[in-house]
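Let's take a walk through this model together. Keep the sequence and the 3D view open side by side as you read.

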Amino acid sequence: MAKLLEIQTGEKNPILRKKSVKIKKIDSALKKFAKDMKMTMIEKDGLGLAAPQVASNIRMIIVTLNSKSNHERVTIMINPVILEYGEEIVVAEEGCLSLPGQWMEVERFKNITAEYMSLEGETHVLKLDNLNARVIQHEIDHLDGILFIDRVNEKTRRV
Ligand code: CO
């Protein structure tokens, strides 16, 4: 049975500010943890969740792609990296389960190419745009200790 994990919160929380380490081995403990993360993300109504948000500084994220469409799918990504960024920048409001109640406009690349490993150990390369690209940029930032508020323009930041 999957269990609900506790979400780490706070702009200065050291777990959220640490750089997470690369995953070297996919074992049953990791698979169990991925299931727990998935359940936690769905339960908390998040679009994505990164391992440090549930107190584990390893490079794993879970994202909902094609949200609210017929092609919606929840994808677990191990050691995700962005291989390529498009030229175009888009602005949209973001929130984060680790920063409850804060919503701000953040600039992100509109198009990215991302590479990751699945829980089955297969390498996948995906071209993503708009919200899909945004979610992945937000979640990968978590693996590097970056929160979305760090990317908010000083002028538009309202805290
Ligand atoms: Co977040």
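Predicted model: local features only at pLDDT ≥ 70, side-chain atom pairs only at ≥ 80, totals over all residues.

Helices (H or I, at least four residues) and strands (E, at least two) are DSSP runs, numbered from the N terminus.

Residues are numbered from 1 along each chain as its sequence is written, and side-chain values use heavy atoms, leaving out hydrogens and water.

Now look at the metal. The cobalt ion is coordinated by His138 (NE2), His142 (NE2) and Cys96 (SG), at 2.1 to 2.2 Å. Donors here are N, O and S atoms within 2.8 Å of the metal (3.2 Å for Na, K and Ca); water is not among the atoms, so sites may look incomplete. Along the sequence, the donor residues follow the spacing C-x41-H-x3-H.

Next comes the interior. A nonpolar core is a set of buried Ala, Val, Leu, Ile, Met, Phe, Trp, Tyr and Cys residues joined through side-chain atoms within 4.5 Å. The largest one has 17 residues, and Leu30, Phe33 and Ile58 are among those with the most contacts inside it. At least two residues of this core come from each of α2 (28-43), β2 (60-65) and β3 (73-85), and α2 gives the largest share, five residues. Apart from this core lies another, of 16 residues, including Ile61, Val63, Ala114 and Leu143.

Definitions and conventions:
Buried < 20%, exposed > 50% of the residue type's maximum accessible area, 1.4 Å probe, protein only.
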